Amino acid sequence: MQIEVLKSKIHRVKVTGADLNYIGSITIDIALMEASNIIEGEKVSIVNINNGERFETYAIPGPRNSGEITLNGPAARRVQKDDILIIITYALMDFEEAKTFSPWIIFPNEENNTLT
């Protein structure tokens with residue numbers, strides 16, 4: 001049996017932009033993507049703490065150490081600059097493997113930089 005479990009989480013990042021005229025996705029600072037083990041094109045779930053919106057899109061890398069978190073395309077309508085988000089990914093795995101799996105969870109600072 002396989003189950004879906006938390007794989008990665010970027011907890012509480014600030015929206016830096018919203019670009020309605022882009023084809024879609026969320027742009028995430030590549031340093032945050034690497035720290036949380038999210039890869040380009042990976043499906044992500046977004047939770048907006050400010051308004052309760054929950055939606056899905058895919059990740060694209062932004063400039064390293066820029067702190068960029070930009071919602072693109074239709075998702076841009078679900079956020080405002082400075083909203084606080086949680087970005088989550090999930091993975092399918094064997095039930096027994098899931099019992100010992102440890103997800104990548106990061107807690108960026110107020111400038112959306114990883115803490116070392």
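Predicted model: local features only at pLDDT ≥ 70, side-chain atom pairs only at ≥ 80, totals over all residues.
Accessible areas in what follows come from the Shrake-Rupley method with a 1.4 Å probe, and for residues only the protein chains shown count as cover. On that basis the accessible surface of the protein comes to about 6600 Å², of which 49% belongs to carbon and sulfur atoms.

Residues are numbered from 1 along each chain as its sequence is written, and side-chain values use heavy atoms, with hydrogens and water left out.

Let me start with the overall fold. The protein has 2 helices and 8 strands, where helices (H or I, at least four residues) and strands (E, at least two) are DSSP runs numbered from the N terminus, and from that end the elements run β-β-β-α-β-β-β-β-α-β. The radius of gyration is 14 Å, close to the 13 Å that the globule rule gives for 116 residues, so the protein is as compact as a globular protein of that length; the radius is taken over C-alpha atoms, and the rule is 2.2 Å times the number of residues to the power 0.38. Of the 116 residues, 45% count as buried, buried meaning under 20% relative accessible area, exposed over 50%, and partly exposed in between, with a 1.4 Å probe and protein chains only. Among contacts (heavy atoms within 4.5 Å) with a separation of 6 or more, 82% are accounted for by residues 24 or more positions apart.

Now to individual residues. Asn72 lies in strand S6, residues 69-72, and is buried, with a relative accessible area of 3%. Leaving aside residues up to four places away in sequence, Asn72 touches a set of residues including Asp19, Tyr22, Gly24 and Ile60. What joins the side chains of Asn72 and Thr27? The link is a polar contact of 3.0 Å, that is, a pair of N or O atoms within 3.5 Å, where within protein one must be able to donate a hydrogen and the other to accept it, and residues adjacent in sequence count only if both atoms are side-chain atoms.

Thr89, in strand S7 (residues 84-94), is also buried, with a relative accessible area of 1%, and the residues it touches beyond four places in sequence include Val5, Leu6, Ile38 and Val44.

Ile23, by contrast, is exposed, at 76% relative accessible area, and sits in the loop between strand S2 (17-19) and strand S3 (25-29).
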